Amino acid sequence: MDKVTFIVNDKLFRKQIRKIENYVDRKIPKIALKEYKKNTPKDSGNARRKTKLFNRTIRGNYGYAGVLDDGLFPNPPKEGKGKTSGGFSTQAPQGMTKPTVKEIEKQFRAFIKRVR
């Protein structure tokens with residue numbers, strides 16, 4: 001039986017990995033912030049204005065960020081009508097994180113298909 005030897009040039013593979021790492025490190029956080037803000041309710045603009053990117057981490061620098069994202073508003077609302085539904089803001093019925101993660105996954109899959 002003959003011995004078969006393969007020679008693999010991994011230069012292209014390494015180049016593709018660097019592109020992916022660069023995309024994840026530099027582009028994904030910006031895409032995520034943009035999408036997160038798009039999904040943030042715009043009642044007064046406070047949440048959008050105070051949501052910032054710090055070292056690849058999105059931070060909502062306002063006291064009710066968790067309540068807004070996790071759907072923890074009183075159900076039914078204590079004051080006013082039509083502002084909440086099922087504990088979530090009517091402007092962000094799925095919170096902000098879930099739709100943002102879905103969009104990031106979509107963008108990442110599309111980027112991976114383009115990497116050559």
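## Close-up views of a predicted model

Of the 116 residues in the protein chain, 28% count as buried. Please keep in mind throughout that this is a predicted model.

**View 1. The whole chain, from end to end.** Four helices and four strands make up the secondary structure of the protein chain, and along the sequence they follow the pattern α-α-β-β-α-β-β-α. The radius of gyration is 21 Å, well over the 13 Å that the globule rule gives for 116 residues, so the protein chain is more spread out than a compact globule. Taken along the principal axes, its C-alpha atoms fill a box of roughly 80 × 30 × 20 Å.

View 2. Valine 8 sits in the segment before helix 1. With a relative accessible area of 69%, valine 8 is exposed.

**View 3. Positive charge gathered on the surface.** Lys11, Lys15, Arg18 and Lys19 form this patch. One of them, lysine 15, belongs to helix 1, which covers residues 11-39. Lysine 15 counts as partly exposed because its relative accessibility is 43%.

View 4. Arginine 56 pairs with aspartate 25, and their closest N and O atoms are 3.2 Å apart. The partners are 31 residues apart: arginine 56 lies in the loop between strand 1 (51-54) and strand 2 (57-60), while aspartate 25 is in helix 1. Arginine 56 is exposed at 55% relative accessibility, whereas aspartate 25, at 38%, is partly exposed. This pair belongs to a set that comes to five salt bridges.

View 5. Glutamate 35 and lysine 38 meet here, with 3.5 Å between the closest N and O atoms. The two residues are separated by about one helical turn because they are three residues apart in helix 1. Glutamate 35 is buried at 11% relative accessibility, but lysine 38 is exposed at 55%.

View 6. The side chains of glutamate 103 and lysine 106 come together at 3.8 Å, N to O. Both residues lie in helix 4 (residues 97-114), three residues apart, or about one turn of the helix. Glutamate 103 counts as buried at 16% relative accessibility, and lysine 106 as exposed at 51%.

**View 7. Glycine 45 in its loop.** Glycine 45 is found between helix 1 and helix 2 (46-50). At 18% relative accessibility, glycine 45 counts as buried. Proline 93 is 48 residues from glycine 45 in sequence, and the two are 17 Å apart in space, C-alpha to C-alpha.

Methods
Residues are numbered from 1 along each chain as its sequence is written. This is a predicted model: local features need pLDDT of at least 70, side-chain atom pairs count only at pLDDT 80 or more; totals for chains, interfaces and linings use all residues. Side-chain values use heavy atoms; hydrogens and water are left out. Patches are made of residues with over 30% relative accessible area and no salt bridge: like charges are joined within 9 Å, nonpolar side chains (Val, Leu, Ile, Met, Phe, Trp, Tyr) within 5 Å. Accessible areas come from the Shrake-Rupley method with a 1.4 Å probe; for residues, only the protein chains shown count as cover. A salt bridge is a side-chain nitrogen of Lys or Arg within 4 Å of a carboxyl oxygen of Asp or Glu. Lys and Arg count as positive and Asp and Glu as negative; His and the chain ends are not counted. The place of a charge is taken as NZ of Lys, CZ of Arg, CG of Asp or CD of Glu. Buried means under 20% relative accessible area, exposed over 50%, partly exposed in between (1.4 Å probe, protein chains only). The radius of gyration is taken over C-alpha atoms; the globule rule is 2.2 Å times the number of residues to the power 0.38.
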